[in-house]
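Thanks for asking me to look this over. Here are my notes, in numbered points, with the structure shown first for reference.

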Amino acid sequence: MTDHLISIQNLSVEYRSDIETVYAVNNITFSLKKGETFGLVGETGAGKTTTALTIMRLLPEQTGRITGGSIDFDGRSLLDLPESEMRSIRGEQISMIFQDPMTSLNPVMSVEEQIAEAMELHNRDNKTPEDIRKRVDEVLLMVGIPPSRKHDYPHQFSGGMKQRVVIAMALACEPQLLIADEPTTALDVTIQAQVISMIRKLRDRLGTAMIMITHDLGIVAQTCDNVAVMYAGEIIEMGTAEDIYLSSDHHPYTTGLFGSIPNLRSKTSRLTPIAGLMPDPTHLPEGCNFSPRCPLKMEICDRQPPCIYRNGTHLISCHLFEGRENWRKEEA
Amino acid sequence: MIPIVIGVSFLIFVIIDMIPGDPGSSLLGAGARQEEIDMMNEQLGYNLPLLQRYGKYMYDAVFRLELGTSYATKRPVITEIANRLPISMIVAFNAIFFSLVFGVPLGVLSAVKQNTLFDRIPTGIALLMASQPAFLIGLVLMLIFSLWLGWFPATGIASWRSYVMPMIALGLPYGGRQLRFTRSSMLETIRQDYVRTARAKGASERLVIWKHAMKNALLPVITVAGNSFGILIGGAIATETLFGLPGLGSFIVSGIRQKDVPVVTGGIIIFAVVFSFVILAVDLSYAFVDPRIKAKYSGGRR
Amino acid sequence: MNSSTTRITVDAAIFKKESRWKEVWRRLKKDRLAMFALAVISVLILIAVFADLIVPYETALKMNLRQKLALPSATHWFGCDGYGRDLFARCIHGARVSLTIAFSTAFATLVVGSMIGALVGYVGGKLDDLVMRALDIFSAIPSILFAMAMVAALGSGIVNICIAIALTNIPGFVRIVRSSVLNIAEQEYIEAARAGGTSTLRILIKHVLPNAVGTIIVQTTANVASMILIAATLSFLGLGINPPQPEWGALVSEGKEFLRTAPHLILFPGVMICVASFSMSILGDGLRDALDPRLRT
């Protein structure tokens with residue numbers, strides 16, 4: 001456990017308002033080593049962004065509540081840190097980039113100011129303004145933006161370039177962990193490829209660990225070492241990229257996800273989407289969360305939530321794997 | 001802007017033209033002879049068709065700086081206006097200053113401390129103030145501070161003291177509006193994604209508010225302040241009348257009562273023109289501050 | 001099991017259409033402050049409508065110089081004004097005048113403004129340009145000034161004030177409806193309706209207006225609140241209704257002569273102006289929150 005960069009254990013998060021409580025994240029556990037890229041996959045509303053915000057401790061103050069679990073980063077417990085220390089971690093040791101580049105940048109500040117700010121906030125080795133300016137240039141070059149444009153304002157850049165600026169800001173202090181929340185979802189496909197490729201190169205160059213949050217299985221395949229599939233706030237399957245892409249054993253939801261992808265090679269007349277919708281996060285079902293939609297559902301699935309079953313590095317939370325060959329129940 | 005000034009002046013001219021009465025009889029009085037009246041009317045172009053009268057009026061106004069003669073005082077309207085306009089302007093700007101000084105910071109405070117007492121109390125008072133007509137607040141102030149306490153004179157412009165109560169009477173309702181609007185603008189800004197980005201960079205809450213949120217939140221506040229200037233003028237006129245300040249507003253009011261056409265026409269048009277200038281100035285300053293708009297103008301696009 | 005999933009989708013469909021207004025009402029009911037304001041407004045409206053039943057109009061006009069400037073007492077709840085007229089009666093009938101002006105002008109603004117705004121916003125083009133230019137000119141004149149000019153030209157009296165105030169407010173309302181409509185018109189379901197061959201008028205009535213209704217309602221309540229103040233200001237300046245007709249602003253104007261000796265003369269009508277406008281504003285805020293809780297600030 002100690003060689004892990006970040007380790008999340010039994011984390012549960014709720015959003016509480018006067019009307020209702022949303023159970024966004026329910027008892028998830030995963031960890032990353034230094035330099036590892038971890039994919040967090042799932043539909044909208046599965047709890048991925050909430051998990052990311054919780055790691056950064058950026059949950060909305062008035063409604064977000066961490067109801068259980070722990071997050072250990074670099075030997076420290078993040079959930080117990082005072083805000084001032086957390087602030088020094090944000091942007092410097094753990095950075096996050098968000099989904100929509102169009103609105104992630106402050107419209108009235110130049111690009112240089114915003115990137116420089118990331119460095120000024122964490123200026124441990126007392127860089128002079130001159131140093132910082134030079135570093136801004138370096139960082140812009142790193143993401144493929146000519147430094148001559150650093151005095152421009154966000155609205156003068158295209159979507160893809162804005163996202164590069166965001167990435168530049170996030171990597172300016174060379175953090176140990178980068179959380180990327182659907183970084184390319186709002187971009188068009190050709191730009192997506194460019195940005196992903198750039199992220200990969202930077203990651204390799206800087207040795208940054210990354211949590212890649214996405215619903216796009218293609219991106220996961222291109223970038224991730226390990227993957228976790230989230231559904232209704234829980235991790236229902238987790239393993240290495242090989243486990244997820246090559247193994248024949250899967251959680252029915254994961255099978256459904258793969259089945260929803262159009263396959264260029266084989267002849268299919270129709271896509272097979274997963275029937276139904278994710279359960280209402282304010283009223284989660286009693287047994288397995290997926291059972292209302294599960295094509296392989298058994299009687300026990302409605303009554304009892306499943307345990308976690310392990311086969312080497314591959315973990316699946318599904319009653320189907322009870323007693324199956326090679327699969328052992330994982331004691332919590 | 002020129003077309004608007006023309007449009008406004010024409011509109012006013014047409015409306016006021018509907019007031020019954022001719023210049024000849026009004027200026028010369030009831031006892032004058034009919035021939036004299038007719039001659040004066042002819043001289044002033046009263047018998048010309050509307051458009052020509054309007055043209056003559058505008059020509060006189062712009063190139064000869066003449067706005068006619070007051071029926072009541074028999075003095076040139078332009079002189080009266082020139083004397084009175086500065087007073088109205090002082091009252092108006094005092095009120096704006098007062099309202100911004102109180103409204104904006106409290107608005108920011110109530111947004112930052114949303115749903116706490118620091119929010120509910122200022123917001124409640126702001127709404128209460130914004131629901132009052134300026135003259136009512138003025139009367140209450142007058143009652144307390146002039147009649148009971150004797151700190152400020154009730155009417156007239158004896159000294160700087162005379163300007164205090166009008167400033168507060170006008171400034172309070174306007175300030176209430178500013179507070180509410182600043183608050184909602186601020187709340188909306190705080191919810192923006194780029195604020196979240198700033199926090200993710202490790203910025204402290206204070207930095208986030210002061211550096212990132214404020215600048216963006218205040219932009220619409222400037223525009224709204226400019227636009228609500230029209231409402232301010234309404235209150236200003238009533239306040240001038242109440243406190244007996246010899247400003248343009250009270251001048252126009254007495255002009256209407258006395259059916260003094262040149263005064264009313266000239267006064268309202270001048271007021272409207274000044275108003276347009278203020279709006280223009282606000283728009284320009286907005287362009288100055290917001291880089292997105294600045295780009296539009298400096299890029300040569302018009 | 002399939003039945004639970006179908007139930008989810010069917011519920012979603014029903015929820016959308018029918019209970020939108022019930023939903024809004026439910027949310028509004030929860031806002032205690034707004035409900036209180038609604039109660040106050042209702043009381044004021046009832047007073048205005050049934051003014052004659054509460055106190056005969058003659059009482060508001062009857063002069064009695066022996067009671068001149070009387071302070072509030074058992075017989076004269078609000079005291080008497082400078083002519084010995086019962087202030088309570090004058091306030092009650094003043095309510096009728098003030099609220100009639102405020103509500104009728106707001107209503108006129110709503111009807112005319114919505115029609116013009118929706119048409120112009122949806123059709124766009126040259127008509128839009130023309131109307132916007134005209135609006136620019138109207139907006140360049142502060143509304144009080146414009147109302148004053150109208151009153152000067154048309155003379156005083158309730159009808160004229162109503163026309164004057166309505167005219168000054170219509171441009172602003174048109175702008176708001178127009179921008180709301182512009183927003184809606186961009187939405188895809190309008191595109192779809194047009195592609196399906198629906199006529200412009202039908203689209204306006206069936207699709208555009210219902211969605212703009214929220215903005216219209218909220219803006220109208222705000223308008224009533226401000227028109228109460230504008231009417232009062234005009235009357236205060238002596239440019240409004242004709243004496244001896246009571247109207248709150250006029251009552252304050254009459255009372256200001258006796259400020260030192262009889263402050264109650266400005267306080268009672270003044271408080272009524274304030275309460276009416278204040279309640280209307282609170283109601284407006286509550287409606288806005290109820291109509292779209294996401295906008296809650």
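1. A definition to start with: two residues are in contact if their C-beta atoms, placed from the backbone, lie within 7 Å. With that cut-off, of the contacts in chain B between residues at least 6 apart in sequence, 70% join residues at least 24 apart. Please keep in mind throughout that this is a predicted model.

2. Staying with chain B, its secondary structure consists of 14 helices and 0 strands. Read from the N terminus, the elements accordingly run α-α-α-α-α-α-α-α-α-α-α-α-α-α. The C-alpha trace of chain B spans about 85 × 60 × 30 Å along its principal axes, and 44% of the 302 residues of chain B count as buried.

3. On overall scores, the model has an ipTM of 0.80 and a pTM of 0.79. For chain C, the average pLDDT is 79, with 90% of the residues scoring at least 70.

4. The largest nonpolar core has 150 residues. Among those with the most contacts inside this core are A272(B), L145(C), M148(C), I228(C) and A231(C). Helix 6 (residues 87–123) of chain C gives the most to the core, with 16 residues.

5. Which residues does A231(C) touch, not counting residues up to four places away in sequence? The answer is S98(C), I101(C), A102(C), I161(C), I165(C), G240(C) and G249(C).

6. Another core, of 104 residues, lies apart from the largest one. Its members include A46(A), L187(A) and Y309(A), as well as A213(B).

7. Last, the chain A and chain B contact: 24 residues of chain A and 17 residues of chain B take part. On the side of chain A that touches chain B, the elements giving two or more residues are helix 2 (83–89), strand 6 (94–97), helix 3 (101–104) and helix 4 (111–120) of chain A. By class, this side of chain A has 11 nonpolar, 8 polar and 5 charged residues.

Terms used:
Residues numbered from 1 in each chain as written. Chains lettered and ligands numbered in written order. Predicted model: local features only at pLDDT ≥ 70, side-chain atom pairs only at ≥ 80, totals over all residues. Core = buried A, V, L, I, M, F, W, Y, C linked by C-beta atoms within 7 Å. Buried ≥ 20, exposed ≤ 12 C-beta atoms within 10 Å, placed from the backbone. Helix = DSSP H or I, 4+ residues; strand = E, 2+ residues; numbered from the N terminus. pLDDT = per-residue confidence, 0-100. Nonpolar A, V, L, I, M, F, W, Y, C, P; charged D, E, K, R; others polar.
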